[in-house]
Amino acid sequence: MSDGMRYQQGLAAESAVLRHYQSKGADVLATRYRSGAGEIDLVLILDGQILFVEVKARKSHSAAALSVSARQQARIVAAAELWLDQSEYSTLTPCRFDVATCDATGRIEVVENAFGA
């Protein structure tokens, strides 16, 4: 798969995952947030809790989930700390890190609090 196709697949997965969370009542705070520490695909708020969501699209959910390395997790956590510093929210605001996977059929699975942070 070419880089352009992979990029488009990623955008489509992010859009589908965003709709999934919005259907549960989540509001968007940021999409594709970039900082020197890393990137966060989606920053949402749901029931007073901030959700930092990493979206992965692969042929299978297991392959997608396994593609989130410890190094990437650390970069996402660091980016989340920067996002919080720049936002109107406090570091005391409840937060969680989710990994949302999208398989080849377009089905979405979410692992809530995937990083345990």
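Reply: Alanine 63 is part of helix H2, which covers residues 61–66. Helices here are DSSP runs of H or I with at least four residues, strands are runs of E with at least two, and both are numbered from the N terminus. The model is predicted, so local features need pLDDT of at least 70 and side-chain atom pairs count only at pLDDT 80 or more, while totals for chains, interfaces and linings use all residues. Residues are numbered from 1 along each chain as its sequence is written, and side-chain values use heavy atoms, with hydrogens and water left out.

With a relative accessible area of 33%, alanine 63 is partly exposed. The scale is as follows: under 20% is buried, over 50% is exposed, and partly exposed lies in between, using a 1.4 Å probe and protein chains only. Alanine 63 and aspartate 103 are separated by 40 residues in sequence, and their C-alpha atoms are 8.9 Å apart in space.

Threonine 101 belongs to strand S4. This threonine counts as buried, because its relative accessibility is 4%. Its side chain makes a polar contact of 2.6 Å with the side chain of histidine 61. A polar contact is a pair of N or O atoms within 3.5 Å; within protein, one atom must be able to donate a hydrogen and the other to accept it, and residues adjacent in sequence count only if both atoms are side-chain atoms. Not counting residues up to four places away in sequence, threonine 101 touches Lys56, His61, Ala64, Ala65, Arg107, Ile108 and Glu109. Touching, or contact, means heavy atoms within 4.5 Å.

Aspartate 98 is also in S4, the strand of residues 95–102. Aspartate 98 has 0% relative accessibility and therefore counts as buried. Its side chain reaches the backbone nitrogen of asparagine 113 at 3.0 Å. Its contacts, apart from neighbours within four places in sequence, include Tyr21, Leu51, Phe52, Val53 and Glu54, and also Val110, Val111, Glu112, Asn113 and Ala114.

Asparagine 113 itself lies in the segment after S5. The residue is partly exposed, with a relative accessible area of 37%. Its phi is positive, about 50 degrees, although asparagine 113 is not a glycine. Arginine 32, in strand S1, also has a positive phi, near 50 degrees, in a residue other than glycine. At 22% relative accessibility, arginine 32 counts as partly exposed.

Within H1, the buried residues include Ala13, Glu14, Ala16, Val17, Leu18 and Tyr21. The buried residues of this helix pack against strand S1 (27–34), S2, S3, S4 and strand S5 (108–111). H1 has 21 residues, which at 1.5 Å a residue should span 30 Å, and its end C-alpha atoms are 30 Å apart, in agreement. The expected span is 1.5 Å times one less than the number of residues. After H1 comes glycine 25, with a positive phi near 100 degrees.

The largest pocket has a volume of about 380 Å³. Its lining has 17 residues, and the closest to the pocket centre are Arg6, Gly10, Val55, Ala57 and Arg58. Helix H1 (3–23), strand S2 (39–46) and strand S3 (49–57) are the elements that give two or more residues to this lining. H1 gives the most, seven residues. By class, the lining has seven nonpolar, two polar and eight charged residues. Ala, Val, Leu, Ile, Met, Phe, Trp, Tyr, Cys and Pro count as nonpolar, Asp, Glu, Lys and Arg as charged, and the others, Gly among them, as polar. A pocket is an open set of points on a 1 Å grid over the protein atoms alone, where a 1.4 Å probe fits, with protein on both sides within 12 Å along at least five of seven lines; lining residues have an atom within 4 Å of a point. Points are joined across faces, edges and corners, and the volume is the space filled by probe spheres set on them.

Serine 2 is in the segment before H1. Serine 2 and arginine 58 are 56 residues apart in sequence and 14 Å apart in space, C-alpha to C-alpha.
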